Amino acid sequence: MPTSGEFPGIGMPSFEASSSLDGLGPVEMEPPTQDLDSDGILDTFTTSGPDSMSVWTDTDLDGYADQLSVVENDGDYSAWEYHRNPDGTGDWRQTDQGTLGE
Ligand SMILES: [Ca+2]
Ligand SMILES: [Ca+2]
(Lines give C-alpha, C1' and ligand atoms only; values in the text may rest on other atoms or scores of the structure.)
(Ligands and ions follow the chains in the order given, each with its own letter.)
Protein backbone atom coordinates (compact mmCIF):
# COMPACT_ATOMS: atom_id res chain seq x y z
CA MET A 1 0.00 0.00 0.00
CA PRO A 2 1.77 3.16 -1.14
CA THR A 3 1.86 6.04 1.26
CA SER A 4 0.74 9.47 0.11
CA GLY A 5 4.32 10.70 0.12
CA GLU A 6 5.50 8.10 -2.33
CA PHE A 7 3.84 9.62 -5.38
CA PRO A 8 3.81 13.36 -4.76
CA GLY A 9 1.39 15.36 -6.86
CA ILE A 10 -0.57 12.39 -8.06
CA GLY A 11 -3.75 13.96 -6.77
CA MET A 12 -3.25 17.26 -8.53
CA PRO A 13 -4.65 17.86 -11.98
CA SER A 14 -2.27 17.86 -14.90
CA PHE A 15 -2.48 20.30 -17.79
CA GLU A 16 -0.87 21.25 -21.05
CA ALA A 17 -0.02 24.77 -22.16
CA SER A 18 -3.03 24.74 -24.46
CA SER A 19 -5.42 23.53 -21.77
CA SER A 20 -8.47 25.49 -20.72
CA LEU A 21 -8.95 25.85 -17.00
CA ASP A 22 -12.56 27.00 -17.30
CA GLY A 23 -14.61 25.53 -14.52
CA LEU A 24 -11.64 24.11 -12.67
CA GLY A 25 -12.34 25.82 -9.34
CA PRO A 26 -9.98 25.90 -6.37
CA VAL A 27 -7.15 23.39 -6.34
CA GLU A 28 -5.98 22.10 -2.98
CA MET A 29 -2.19 22.19 -2.66
CA GLU A 30 -0.03 19.22 -1.98
CA PRO A 31 2.50 20.08 0.74
CA PRO A 32 4.78 22.62 -0.99
CA THR A 33 8.36 21.60 -1.62
CA GLN A 34 9.87 24.80 -3.03
CA ASP A 35 10.22 28.42 -1.96
CA LEU A 36 9.57 30.40 -5.11
CA ASP A 37 9.98 33.90 -3.66
CA SER A 38 12.81 33.02 -1.24
CA ASP A 39 11.07 34.29 1.89
CA GLY A 40 11.84 31.11 3.76
CA ILE A 41 8.29 29.75 3.52
CA LEU A 42 7.59 26.88 1.14
CA ASP A 43 4.87 27.93 -1.28
CA THR A 44 5.30 25.97 -4.50
CA PHE A 45 4.71 22.43 -5.64
CA THR A 46 5.90 21.07 -8.97
CA THR A 47 4.45 18.10 -10.80
CA SER A 48 6.09 16.50 -13.80
CA GLY A 49 4.22 14.63 -16.48
CA PRO A 50 5.56 12.87 -19.56
CA ASP A 51 5.25 15.98 -21.76
CA SER A 52 5.11 18.91 -19.38
CA MET A 53 5.87 20.33 -15.95
CA SER A 54 3.28 22.11 -13.82
CA VAL A 55 4.27 24.61 -11.15
CA TRP A 56 1.59 25.37 -8.56
CA THR A 57 2.09 28.29 -6.17
CA ASP A 58 0.05 29.17 -3.11
CA THR A 59 0.88 32.86 -2.76
CA ASP A 60 -1.32 33.55 0.29
CA LEU A 61 -0.59 30.20 1.96
CA ASP A 62 -4.22 29.26 2.53
CA GLY A 63 -3.69 25.75 1.23
CA TYR A 64 -5.16 26.40 -2.21
CA ALA A 65 -3.17 27.14 -5.33
CA ASP A 66 -3.25 30.73 -6.64
CA GLN A 67 -0.93 30.48 -9.62
CA LEU A 68 -0.18 27.77 -12.14
CA SER A 69 2.51 27.68 -14.76
CA VAL A 70 2.75 24.87 -17.28
CA VAL A 71 5.87 24.37 -19.37
CA GLU A 72 5.86 21.71 -22.03
CA ASN A 73 9.00 19.87 -23.05
CA ASP A 74 8.97 21.63 -26.42
CA GLY A 75 8.98 25.09 -24.80
CA ASP A 76 5.31 26.05 -25.01
CA TYR A 77 4.18 27.58 -21.75
CA SER A 78 1.13 29.09 -20.14
CA ALA A 79 0.40 30.78 -16.84
CA TRP A 80 -2.84 31.24 -14.95
CA GLU A 81 -3.98 33.00 -11.80
CA TYR A 82 -6.91 32.10 -9.61
CA HIS A 83 -9.32 34.98 -9.02
CA ARG A 84 -11.84 34.93 -6.21
CA ASN A 85 -15.21 36.48 -6.83
CA PRO A 86 -17.14 38.37 -4.12
CA ASP A 87 -19.72 35.58 -3.96
CA GLY A 88 -17.07 33.07 -2.94
CA THR A 89 -16.68 31.40 -6.30
CA GLY A 90 -13.56 31.78 -8.36
CA ASP A 91 -12.05 31.10 -11.70
CA TRP A 92 -8.67 30.61 -13.32
CA ARG A 93 -7.63 33.33 -15.75
CA GLN A 94 -4.80 32.95 -18.18
CA THR A 95 -2.11 35.57 -17.62
CA ASP A 96 0.54 34.49 -20.07
CA GLN A 97 1.15 32.14 -22.96
CA GLY A 98 4.01 31.68 -25.39
CA THR A 99 7.04 29.67 -26.31
CA LEU A 100 10.29 29.77 -24.39
CA GLY A 101 13.24 31.06 -26.37
CA GLU A 102 11.21 33.09 -28.88
CA1 LIG B 1 7.98 31.60 -0.17
CA1 LIG C 1 -3.81 30.28 -1.88
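Buried residues make up 17% of the 102 residues in the protein chain. Here a residue is buried if 20 or more other C-beta atoms lie within 10 Å of its own, exposed if 12 or fewer, and partly exposed in between, with C-beta atoms placed from the backbone. This is a predicted model: local features need pLDDT of at least 70, side-chain atom pairs count only at pLDDT 80 or more, and totals for chains, interfaces and linings use all residues. Residues are numbered from 1 along each chain as its sequence is written, while chains are lettered from A and ligands numbered from 1 in the order in which they are written.

Start with confidence. The mean pLDDT (the predictor's confidence in each residue, from 0 to 100) is 88, and 89% of the residues reach 70 or more. Over residues 1–6 the pLDDT is below 50, and this stretch has 1 contact beyond near neighbours in sequence. Two residues are in contact if their C-beta atoms, placed from the backbone, lie within 7 Å.

Next, the fold. The chain has 0 helices and 5 strands. Both are DSSP runs numbered from the N terminus: helices are H or I of at least four residues, strands E of at least two. The strands form an open antiparallel sheet in the order β1-β2-β3-β4-β5. β1 (44–48) and β5 (90–99) stand at the edges with a single partner strand each, so one side of each has no neighbour in the sheet. From one strand to the next, the twist averages 15 degrees; the axes are lines fitted to C-alpha atoms, for helices over the stretch in contact, and angles run from 0 to 180 degrees between N-to-C directions.

Strands pair if DSSP finds at least two bridges between them. β4 and β5 pair in the antiparallel sense over 9 bridges. Arg84 stands opposite Gly90 in β5.

The largest nonpolar core has 10 residues, among them Phe15, Met29, Trp56 and Trp92. Such a core is a set of buried Ala, Val, Leu, Ile, Met, Phe, Trp, Tyr and Cys residues joined through C-beta atoms within 7 Å. Trp92 is in contact with Leu21, Leu24, Trp80 and Tyr82, leaving aside neighbours within four places in sequence.

Two backbone details remain. Most residues other than glycine have a negative phi. Ser38, not a glycine, has a positive phi of about 60 degrees. Ser38 is found in the segment before β1 and counts as exposed, with 6 C-beta neighbours inside 10 Å. Leu61 also has a positive phi of about 60 degrees. Leu61 is found in the loop between β2 (52–57) and β3.
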